[in-house]
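Hello,

Here is the structure I promised to pass on. Please open it and keep it beside you while you read my notes.

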Amino acid sequence: MTDQASIDAGSVMRTLVEAGFGPFFGVPCSFLAPLVTWCEQNAPEAYVAANNEGEAVAMAAGSYLAGRRPVVLIQNSGLGNAVNPFTSLCHPMRIPLLLLVTWRGEPGRPDEPQHRLMGSITLPLLDLMEIDHQQISTETTAFREQVRRLSEDMWGSGLSRALVVPGGSIRPESAALPTSGLPPRRDVIAAVVRELPDDVVVVATTGKTARELEANHDRPANLYVVGSMGCASSIALGIAGERHDRAVVVLDGDGAALMRLEAMVSIGAHRPERFAHVLLDNGAYESTGGQRSNSSGVDFLAIAEACGYATARTTDDAAIAAGHTRDAVAGGGPHLIRVGIGIGSDPALGRPSKSPAAVAERLRGSLAARSMAVHAVDR
Ligand SMILES: Cc1ncc(C[n+]2csc(CCOP(=O)(O)OP(=O)(O)O)c2C)c(N)n1
């Protein structure tokens, strides 16, 4: 258990930059939100938004080769995406990166179930990767000394080093989220899901999409992908591949879709017919504090078409999105429906009440019940 002492984001960034570190490559975590927001507001050129954590490590490695002293900012769940470039790129090439990794699921602190296992293996995993680590100092002078020593050690050894960031270590700054005239995620989810038949499987991506679906429209054919960000559309494809009798809708986010863009290639290649890929695009990682994603420069419709989706449409209107989804589940897919949504959600939005295992088992039950009926008819 750690205490709640904290250091402000500006002190962290200024100390690192004064010690020669930068640029910063990352994928947000709410524990790191103050740092990313500080960069967006004060030094946008210093922060490079990666689409997944492995990419952040690889870009940082390139930046080191080009003469910089890069820093990687990620959530510990994203260590799973970063293991390969750390172990088979940075280690053999002796490319030393400074890693600021959060500690979701820290033993002894309450957190979500998807963070429990990674929380308990975060430090051993860093040990296995030969990345020496220490907890971030939350006192300004001690932090400066910590960075000075780390820096000496890293450049001497050629090995990466990590500062582990428990919840609350870096002080949040009040960051006003941008507003737009676009519909909130909650309204689009309501419009899309309300009219779907009960047997349509709905797979919701990590973060507030899954939380809003559970809080407002819980049903047995739903799956809440609470962790494994970016995997929702692949899970949906896996279900659709087995169950041609069931329509599948995936409620995706722009950040999640970009994290595993390869999923669209597979969806286009396998062409599930009753498949609606509803991409809720707010241009941000809203669930972790509204940091900018790379989606503003991305034409998801063109990507879908190039990957082999049967149709790709875009709208900023909840009712039109619902109509497109209704059409899509009838067949002729796969279909992409990109929906422009605003940033923002209900501040009182709760945490999931059901365990991930219970939700998965319930969906399996829903699929099994129907499959026995299908087999009975077959016989
Ligand atoms: C591998 C991994 N990296 C980072 C996170 C932290 N995280 C949870 S939700 C989220 C934002 C998702 O963004 P998007 O898909 O655009 O949906 P939005 O929150 O904007 O609705 C992030 C970065 C995570 N859960 N897993």
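**What I found**

Start with strand β5, residues 98-102: five of its five residues are buried. Keep in mind that this is a predicted model. Leu98, Leu100 and Thr102 point one way from β5, while Leu99 and Val101 point the other way.

Now look at the partners of β5. Strand β4 (residues 71-74) runs parallel to β5, and four bridges join them. Isoleucine 74 stands opposite valine 101 there. Together with helix α4 (residues 79-93), β4 and β5 make a right-handed β-α-β unit. β7 is also parallel to β5, joined by five bridges. In that pair, leucine 99 stands opposite alanine 162.

Next, zoom out. Six strands form an open, parallel sheet, in the order β3-β2-β4-β5-β7-β6. β3 (47-49) and β6 (132-135) are at the edges with a single partner strand each, so one side of each has no neighbour in the sheet. On average, neighbouring strands are turned by 25° against each other, direction ignored. The partner of β6 is β7 (residues 161-165), through four bridges. Aspartate 132 stands opposite arginine 161 in β7.

Then find the cores. The largest nonpolar core has 57 residues. Val202, Val203, Ala204, Val248, Val249 and Val278 have the most contacts inside it. Helix α9 (residues 232-242) gives the most to this core: six residues. Valine 248 touches Val203, Ala236 and Phe275, among others. Another core, of 50 residues, lies apart from it and includes Val57, Leu73, Cys90 and Val101.

Best wishes

Key. Residues are numbered from 1 along each chain as its sequence is written. This is a predicted model: local features need pLDDT of at least 70, side-chain atom pairs count only at pLDDT 80 or more; totals for chains, interfaces and linings use all residues. Two strands pair if DSSP finds at least two bridges between them. Helices (H or I, at least four residues) and strands (E, at least two) are DSSP runs, numbered from the N terminus. Axes are lines fitted to C-alpha atoms, for helices over the stretch in contact, and angles run from 0 to 180 degrees between N-to-C directions. A nonpolar core is a set of buried Ala, Val, Leu, Ile, Met, Phe, Trp, Tyr and Cys residues joined through C-beta atoms within 7 Å. A residue is buried if 20 or more other C-beta atoms lie within 10 Å of its own, exposed if 12 or fewer, and partly exposed in between; C-beta atoms are placed from the backbone. Two residues are in contact if their C-beta atoms, placed from the backbone, lie within 7 Å. A crossover is right-handed if, with the strands pointing away from the viewer, the path from the first strand over the helix to the second runs clockwise. Lists of a residue's contacts leave out its neighbours within four places in sequence.
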